[in-house]
Amino acid sequence: MSTPAATPGRAPSAGTAARARGLTKAYGSGETAVLALDSVDVDIARGRFTAVMGPSGSGKSTLMHCLAGLDTVSAGQVWIGGTEITGLRDRELTRLRRDRIGFMFQSFNLIPTLNALENITLPMDIAGRAPDERWLNRVIDTLGLRNRLGHRPAQLSGGQQQRVACARALVSRPELIFADEPTGNLDSRAGLEVLGFLRDAVDNLGQTVVMVTHDPGAAAHSDLVLYLADGRIVDEMAHPTAQAVLERVRLFARDGAPSPGPGPVGGRFAGDGSPLRDGNDAAVEEA
Ligand code: ADP
Ligand code: MG
């Protein structure tokens, strides 16, 4: 079942949308330092849907933030396409992020004083680009936001806010979309819609999606599942099914993840794929 992360032979012409080598991220220093990522090597295949799973505190959000150029790294290198972003100046990095990356945060990061539509188009407004109206409308209708466009975030449910965050990430048609638990606050129908939308973005628009999830059913929509533990990628599964993912998660819960590294971060999957709380959770916001 398992194939190398780089999956070299799988789609030779498609290439790599994002890549990390020796990616290391430590928070704090001295005795209280936390090693969130421990020398991670990963290749995110272009035009594929990659899911990232792992216990709470295993480094999933940190990995996404570092790959997307939203956080600095302690050591190692990160590339978006052919561009090494770990060497870029702030201004160049900001432009690259704006032009090529969409991010759905675990906390939605909506602007409270803007309504839903203004939040959705904000990144494009900042970039001075007009959204493609047909695409904008398709995103709005698919996510069921048509009659919520004039509402501010405080007037929206958690699920609706999540859908606004989803629309904001999709509206500029970025080549690379990072989604941190995008279905975490949605009922199953809305969750399936978001997953279908992400799948569609990959299959029909050639976009690349990287998604953190705790849900084996959500992971089953991906092409490849990466498993994180203690800040390392410890396993992966191509062509996942919900059943196979669930069994892998249960195996990790029983026997521990393969080759777990010693370190201050950690935790275990519960049998249902949800994280068991560990001592680090105070600093980890789970939507
Ligand atoms: P996950 O998304 O898998 O739950 P995170 O990437 O959020 O994990 O966190 C990985 C580790 O880094 C955890 O131990 C967490 O407590 C720690 N961490 C994350 N962000 C910070 C931060 N800003 N300051 C200090 N520690 C952090
Ligand atoms: Mg997280």
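Helices (H or I, at least four residues) and strands (E, at least two) are DSSP runs, numbered from the N terminus. With that convention in hand, here is a friendly tour of the chain. This is a predicted model, in which local features need pLDDT of at least 70 and side-chain atom pairs count only at pLDDT 80 or more, while totals for chains, interfaces and linings use all residues. Residues are numbered from 1 along each chain as its sequence is written, chains are lettered from A and ligands numbered from 1 in the order in which they are written, and side-chain values use heavy atoms, with hydrogens and water left out.

**The chain as a whole**

- The secondary structure comes to eight helices and ten strands.
- Of the 287 residues, 50% count as buried; buried means under 20% relative accessible area, exposed over 50%, and partly exposed in between (1.4 Å probe, protein chains only).
- Among contacts (heavy atoms within 4.5 Å) with a separation of 6 or more, 67% come from residues 24 or more positions apart.

- Helix 3 covers residues 116-127, and its buried residues are Ala-116, Asn-119, Ile-120, Thr-121 and Met-124.
- The cover over these buried residues includes helix 4 and helix 5.
- Just after helix 3, Gly-128 has a positive phi of about 70°.

**Helix 6**

- Helix 6 has 18 residues and spans 24 Å from its first C-alpha to its last, close to the expected 26 Å (1.5 Å times one less than its number of residues).
- Its buried residues are Ala-190, Gly-191, Val-194, Leu-195, Phe-197, Leu-198, Arg-199, Ala-201 and Val-202.
- Elements covering those buried residues include strand 3 (49-53), helix 4, helix 5 (158-170), strand 7 (176-180), strand 8 (208-212) and helix 7 (216-219).
- Asp-187 caps the N-terminal end of helix 6, placing a side-chain oxygen 3.1 Å from the backbone nitrogen of Arg-189.
- Just after helix 6, Gly-206 takes a positive phi of about 70°.

**How helix 4 meets helix 6**

- Two packed helices are described by the angle between their axes and the distance between the axes.
- The axes of helix 4 (residues 133-142) and helix 6 (residues 188-205) come within 10 Å and cross at roughly 150°. Helix 4 is therefore roughly antiparallel to helix 6.
- For reference, axes are lines fitted to C-alpha atoms, for helices over the stretch in contact, and angles run from 0 to 180 degrees between N-to-C directions. Angles under 35 degrees count as roughly parallel, over 145 as roughly antiparallel, 65 to 115 as roughly perpendicular and the rest as oblique.
- On the helix 4 side the contact involves Trp-135, Arg-138, Val-139 and Thr-142, and on the helix 6 side Glu-193, Phe-197, Asp-200 and Leu-205.

- Arg-199 sits in helix 6 and is buried, with a relative accessible area of 19%.
- A polar atom of the Arg-199 side chain lies 2.9 Å from the backbone oxygen of His-221.
- Not counting residues up to four places away in sequence, Arg-199 touches Phe-49, His-221, Ser-222 and Asp-223.
- Lys-60 belongs to helix 1 (residues 60-67) and is buried at a relative accessible area of 5%.
- The side chain of Lys-60 reaches the backbone oxygen of Gly-54 at 2.9 Å.
- Leaving aside neighbours within four places in sequence, the contacts of Lys-60 include Val-52, Val-212, His-214 and Leu-228.

- Ser-172 lies in the loop between helix 5 and strand 7 and counts as buried at 18% relative accessibility.
- Ser-172 and Pro-131 are 41 residues apart in sequence, with their C-alpha atoms 6.6 Å apart in space.
- Thr-86 is in the loop between strand 5 (83-84) and helix 2 (90-100) and is partly exposed, with a relative accessible area of 32%.
- The Thr-86 side chain reaches the backbone nitrogen of Val-78 at 3.0 Å and makes a polar contact with the side chain of Glu-84 (2.8 Å).

Methods. A polar contact is a pair of N or O atoms within 3.5 Å; within protein, one must be able to donate a hydrogen and the other to accept it, and residues adjacent in sequence count only if both atoms are side-chain atoms.
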